[in-house]
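Here are my notes on the model, as numbered points. Please read them with the structure open.

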Amino acid sequence: IDSTLQSASTPMRANLSAGTHTVELQSNGYVAWQKTFYLAAGQVLWLDYGHLLPTTINTSAIATIENAVNSLASPDHKWSLVQTGANQPTLKLVNYSDTDAPKVTDFTIPDDQLTKIDGAYGVFTIKEWDLNSRYILVEHVNGETHELLRLDREDTVNTINISRTFSLNISEAHFAGSNANKLYAKTDSVLRSLDISSNSASAVLVSGLESFVI
């Protein structure tokens, strides 16, 4: 603490004077963690340092996918959705819950959920997994058409074109908590909540919106 070595290891507590302090955590074989903070008089402050990273990380390939241009891992770190072409509706779904025997399968977005221009697709972008690591938001932009899709990794037929379902110009959306049927969406310059299970959209929650995060 403030460059003074302490006799205790974590978890520990310390009584410090009001003001700015710097704490550093060290452990052999790991990268040191450091945080500078301000402590007010009489304040009790908890420092959550998460995990220390090892100084040496050994990696090994568990699957090879040719021509990968983009990928996004699920929150539970057991799945990845991989694009092998920005203009292709077929993606690769990687299940590496068993790292000794990972499974790679094709995931094709149903044609009836996509708008094509002169028989061609637009650009696909993987946006977000839900917290339960089952559903994925994918954006499809084709000319002036902007579509948001919700994919179900367990069943491609369960793909939903959210923009078409709600007849809204959705430019940005995020899952609302752990319920994958509920989202917050930016439609033009306003914020709404959407419920896929009931196909209902709320009234305007915020107007004059530029961007938002959950």
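1. Glu154 is exposed because its relative accessible area is 52%; the classes used here are buried for under 20% relative accessible area, exposed for over 50%, and partly exposed in between (1.4 Å probe, protein chains only). The side chain of Glu154 meets that of Arg134 in a salt bridge, at 3.5 Å from N to O. This pair links distant parts of the chain, 20 residues apart: Arg134 is in the loop between E7 and E8, and Glu154 is in the loop between E9 and strand E10 (160-161). A salt bridge here means a side-chain nitrogen of Lys or Arg within 4 Å of a carboxyl oxygen of Asp or Glu.

2. This is a predicted model, in which local features need pLDDT of at least 70 and side-chain atom pairs count only at pLDDT 80 or more, while totals for chains, interfaces and linings use all residues. Residues are numbered from 1 along each chain as its sequence is written, and side-chain values use heavy atoms, with hydrogens and water left out.

3. Arg134 also forms a salt bridge with Asp152, where the closest N and O atoms are 2.8 Å apart. Arg134 lies in the loop between strand E7 (123-129) and strand E8 (135-142) and Asp152 in strand E9 (residues 145-152), so the pair ties together parts that are 18 residues apart in sequence. Strands (E, at least two residues) and helices (H or I, at least four) are DSSP runs, numbered from the N terminus. Arg134 is partly exposed, with a relative accessible area of 27%, whereas Asp152 counts as buried at 0% relative accessibility. Through shared partners, the salt bridges join Arg134, Asp152 and Glu154 into one network.

4. How many salt bridges does the count come to? The count comes to five. One of them is made by the side chains of Asp111 and Lys116, at 3.0 Å from N to O. Both ends are partly exposed: Asp111 has 37% relative accessibility, and Lys116 has 36%.

5. The structure holds one aromatic pair. The ring centres of Tyr121 and Phe124 are 6.1 Å apart and the planes are at 55°, so the pair is tilted. Rings of Phe, Tyr and Trp (its six-membered ring) pair if their centres lie within 6.5 Å; planes under 30 degrees apart count as stacked, over 60 as edge-to-face and the rest as tilted. Tyr121 is partly exposed at 24% relative accessibility, and Phe124 is buried at 3%.

6. Strands E3, E4, E5 and E6 form an open sheet of four strands in the order E3-E4-E5-E6, with antiparallel pairing. The edge strands are E3 (70-73) and E6 (103-108), each of which pairs on one side only. From one strand to the next, the twist averages 25°; axes are lines fitted to C-alpha atoms, for helices over the stretch in contact, and angles run from 0 to 180 degrees between N-to-C directions. Two strands pair if DSSP finds at least two bridges between them. Antiparallel strands E4 (residues 79-83) and E5 (residues 90-95) are joined by five bridges, and Gln83 stands opposite Leu91 in E5.

7. Ser74 is in the loop between E3 and E4. Ser74 counts as buried, at 2% relative accessibility. Between Ser74 and Ser27 there are 47 residues of sequence separation and 30 Å in space, C-alpha to C-alpha.

8. Strand E12 (residues 179-187) pairs in the antiparallel sense with strand E11 (residues 170-176) over six bridges, and Ala176 has Asn179 in E12 as its bridge partner. The hairpin of E11 and E12 has two residues between the strands, and Gly177 in the turn has a positive phi of about 75°.

9. Six bridges join E12 to the antiparallel strand E13 (residues 190-195). Ala185 stands opposite Arg192 in E13. Two residues lie between the strands of the E12 and E13 hairpin, where Asp188 takes a positive phi near 60°.

10. Tyr184, Leu205, Val206 and Ile214 make a nonpolar surface patch of about 360 Å². Patches are made of residues with over 30% relative accessible area and no salt bridge: like charges are joined within 9 Å, nonpolar side chains (Val, Leu, Ile, Met, Phe, Trp, Tyr) within 5 Å. Accessible areas come from the Shrake-Rupley method with a 1.4 Å probe; for residues, only the protein chains shown count as cover. Val206 lies in the segment after strand E14 (200-201) and is partly exposed at 35% relative accessibility.
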